[in-house]
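Dear colleague,

Please find below the structure that I am handing over to you. My notes on what was found in it follow directly after.

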Amino acid sequence: MDIVAVEEHFWSREFAAHFLGNFDRPPRIMQRLEDFMTLRLEEMDAAGIGTQVISHAPPGGQKLAPETCVAACRGVNDTLASLVAQAPERFAAFATLPQAEPEAAADELQRAVEDLGFKGAMMFGPTNGMFSDEKPFWPIYERAARLKVPVYLHPALPDKRVSEVYYATYAESHPDLLGAAWGFGIETGTLGVRMVLSGVFDAHPDLQIILGHLGEGIPLQLSRIDESLKRPANAPTEFAKTFRNNFFITTSGFFSDSALRCCIEEMGADRILFAVDWPFVDNAGGVGWLKAFPTDPDTRAGIFSGNARKLLRL
Ligand code: ZN
């Protein structure tokens, strides 16, 4: 079985030194994030994963000061390229972009794709409190569409104002509520919806966006969002149609039969890519789940690798 996993992370200390804040992870996670040729390959082999498409772990290019972000992202992309080159048959990469400088981010995306062979970019959360669908970020999407590479929108922690109002009561008793349990999905699902409303896909009809975690809740809500936005007060919007044409979703960290069935029905199986979110999630759980998921061999092979190979030209 050919298996490609597309939301798999690494960590560069040199790059992380530029983050506005400390985002270090527990030792077991850091050890894996910083490893390429030992633990990473061992755990890929043990689960049967042939290829990882690797990106920097959150907060990526979003938590950087405008004056350092361009050089820092250039550096981390060069680092990742040299690590991928150690086993090019096993690794591919998504670029980290200086989101605070969108024109420079577009240029860095182009450099990463054309000079370093990267397969697209990963972006994380709001930049200086601004969601990435806003017009200042469109140069990135224009360039991605022109280069025919996707942009993966990855969760990051919600804005501090949101955290305080929505989650502070449970911050100590349930710290993951703010993140993977709920906050990430709400944050990134909101961005996904806003991307459609922004009109960026009217300007760039071929732009392809990837959302992890089985579409951050949007597939389940798709018909309700679509119906509500067609009510008279709203500007004309083909929400469901646009979402189905311009988004891919991945299985990162979300291994549920019923959720995947919903996604296949709403999106079509050819819009779904396999991902683990290693090392935050273990490879074996993701692979074992999709192998056992009741479906036909073509659908399974497409999700495991065929759809990703086509989209990313692997
Ligand atoms: Zn991730």
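I begin with threonine 127, which sits in the loop between β5 (121–124) and α6 (138–147). Please bear in mind throughout that this is a predicted model. Threonine 127 has a relative accessible area of 3%; buried means under 20%, so this residue counts as buried. Leaving aside residues up to four places away in sequence, threonine 127 touches Gln62, Gln99, Ala100 and Phe137.

The loop between β5 and α6 also contains glutamate 134. The side chain of glutamate 134 meets that of arginine 194 in a salt bridge, at 2.9 Å from N to O. Because arginine 194 belongs to helix α8 (residues 183–198), the pair ties together parts that are 60 residues apart in sequence. Glutamate 134 is partly exposed, at 32% relative accessibility, and arginine 194 is partly exposed as well, with a relative accessible area of 25%.

In total, the structure holds 17 salt bridges. One of them links arginine 111 with glutamate 108, whose closest N and O atoms are 2.9 Å apart. Both residues lie in helix α5 (residues 102–114), 3 residues apart, which is about one turn of the helix. Arginine 111 and glutamate 108 are both buried.

A further salt bridge is formed by the side chains of lysine 230 and glutamate 238, at 3.5 Å from N to O. Lysine 230 is partly exposed, with a relative accessible area of 42%, and glutamate 238 is likewise partly exposed, at 44%.

Turning to the helices, how do α10 and α12 lie to each other, roughly parallel or oblique? The axes of helix α10 (residues 218–229) and helix α12 (residues 257–267) come within 8 Å and cross at roughly 45 degrees. The two helices are therefore oblique to each other. Pro219, Leu220 and Leu222 make the contact on the side of α10, and Cys262, Cys263, Glu266 and Met267 on the side of α12.

Finally, the surface carries a nonpolar patch formed by Val162, Val165 and Tyr166, which together have about 320 Å² of accessible area. Of these residues, valine 162 is found in helix α7 (residues 160–167). Valine 162 is partly exposed, with a relative accessible area of 30%.

Yours sincerely

Note on methods. Residues are numbered from 1 along each chain as its sequence is written. This is a predicted model: local features need pLDDT of at least 70, side-chain atom pairs count only at pLDDT 80 or more; totals for chains, interfaces and linings use all residues. Side-chain values use heavy atoms; hydrogens and water are left out. Patches are made of residues with over 30% relative accessible area and no salt bridge: like charges are joined within 9 Å, nonpolar side chains (Val, Leu, Ile, Met, Phe, Trp, Tyr) within 5 Å. Accessible areas come from the Shrake-Rupley method with a 1.4 Å probe; for residues, only the protein chains shown count as cover. A salt bridge is a side-chain nitrogen of Lys or Arg within 4 Å of a carboxyl oxygen of Asp or Glu. Helices (H or I, at least four residues) and strands (E, at least two) are DSSP runs, numbered from the N terminus. Buried means under 20% relative accessible area, exposed over 50%, partly exposed in between (1.4 Å probe, protein chains only). Axes are lines fitted to C-alpha atoms, for helices over the stretch in contact, and angles run from 0 to 180 degrees between N-to-C directions. Angles under 35 degrees count as roughly parallel, over 145 as roughly antiparallel, 65 to 115 as roughly perpendicular and the rest as oblique. Contact means heavy atoms within 4.5 Å.
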